[in-house]
Amino acid sequence: MRFPAWYKKLNRSVGRAIGAYQMIADGDRIAVGISGGKDSLALLSILHRRLATIPVRYDLYPVYIDPGFEPSPAPVIEDFCSQLGLRLHVVSTRNGIVAHSAENRENPCFLCARLRRKTLFEKTVALGCNKLALGHHKDDLIETFFINVLYSGQVCTILPVQSFFGGAFTMIRPLAYSDEADIRSYADKAGLPVVANPCPSASSSRRSEIKALLNEFYRSNRKVRGNLFRALHHVNTDFMLNADHLRRYGAIQRGLAGSIDSGQDPSTMEIHR
């Protein structure tokens, strides 16, 4: 069976991520978070198509958490899932409306995402799924790192695999090694029914700002994106201002200060405890 280049490229990166982190095993029940955007639709599509070419068997349960905005993309997503022979599980909420209310104008995206995540977790458990697949890709991992550094004061990003509630289910991100450009190409060539995001903050989020900033660097040097992604795998903690470094440095300084006060020679003191 011959596959087009745009399919093989995305399928290869998905296979690499799944293999590297052992994301999927035979018999898994996988809930797939669907938003109607290119990433989640491509994720569902590629996971479904891979079943025809790999020996591992798993079941897919697409889930859409409707935030309450109009027009809802649920009918379009439902039709797409039906074409794949899958049933879309829709959970209607007012998460988006609540997050954008007058009482929460400072950071509606944070609250909306937290509420959506909670609802998605609950639905994953209710469906009896042991895996939850989300459509975050390589560029999302890089952008999240910068969002956390600039706005949360933390050096961290989202993980390709993460266990929740004592192993009740595991969140997986099979697109973690995939470039956004390849996902966009796949969505276009495969004719996925990508729908516009009805959220009023869709084009003015912090992620949009970071994406625009990073794109300037990517245009100036094509190696930057790859270097940033590799840097997330190679964190030299010996040169980070972490708690261990602070404790060790503080102990040394206290030892030096004590030697000066007592008139002792610091070179003869045991200050490395």
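This is a predicted model: local features need pLDDT of at least 70, side-chain atom pairs count only at pLDDT 80 or more; totals for chains, interfaces and linings use all residues.
Local features need pLDDT of at least 70 and side-chain atom pairs count only at pLDDT 80 or more, while totals for chains, interfaces and linings use all residues. Residues are numbered from 1 along each chain as its sequence is written, and side-chain values use heavy atoms, with hydrogens and water left out.

Student: Why is asparagine 148 called buried?
Tutor: Buried means under 20% relative accessible area, exposed over 50% and partly exposed in between, with a 1.4 Å probe and protein chains only. Asparagine 148 has 15% relative accessibility, and therefore counts as buried.

Student: What does asparagine 148 touch?
Tutor: Leaving out residues up to four places away in sequence, asparagine 148 touches Gly153, Gln154, Cys156 and Thr157, where contact means heavy atoms within 4.5 Å.

Student: What makes the buried residues of H8 lie on the same side?
Tutor: The buried residues of H8 are Ile210, Leu214 and Tyr218. They cover an arc of only 80° around the axis, which puts them on the same side of H8; the arc is that of the directions from the helix axis to the C-beta atoms. In general, an α-helix has 3.6 residues a turn, so residues three or four places apart point the same way.

Student: Which strands are the edge strands of the open sheet, and how do you know?
Tutor: Six strands form the open sheet in the order E3-E2-E1-E4-E6-E5, with mixed pairing. Strand E3 (89-92) and strand E5 (161-164) are the edge strands, since each pairs on one side only, and two strands pair if DSSP finds at least two bridges between them.

Methods. Helices (H or I, at least four residues) and strands (E, at least two) are DSSP runs, numbered from the N terminus.
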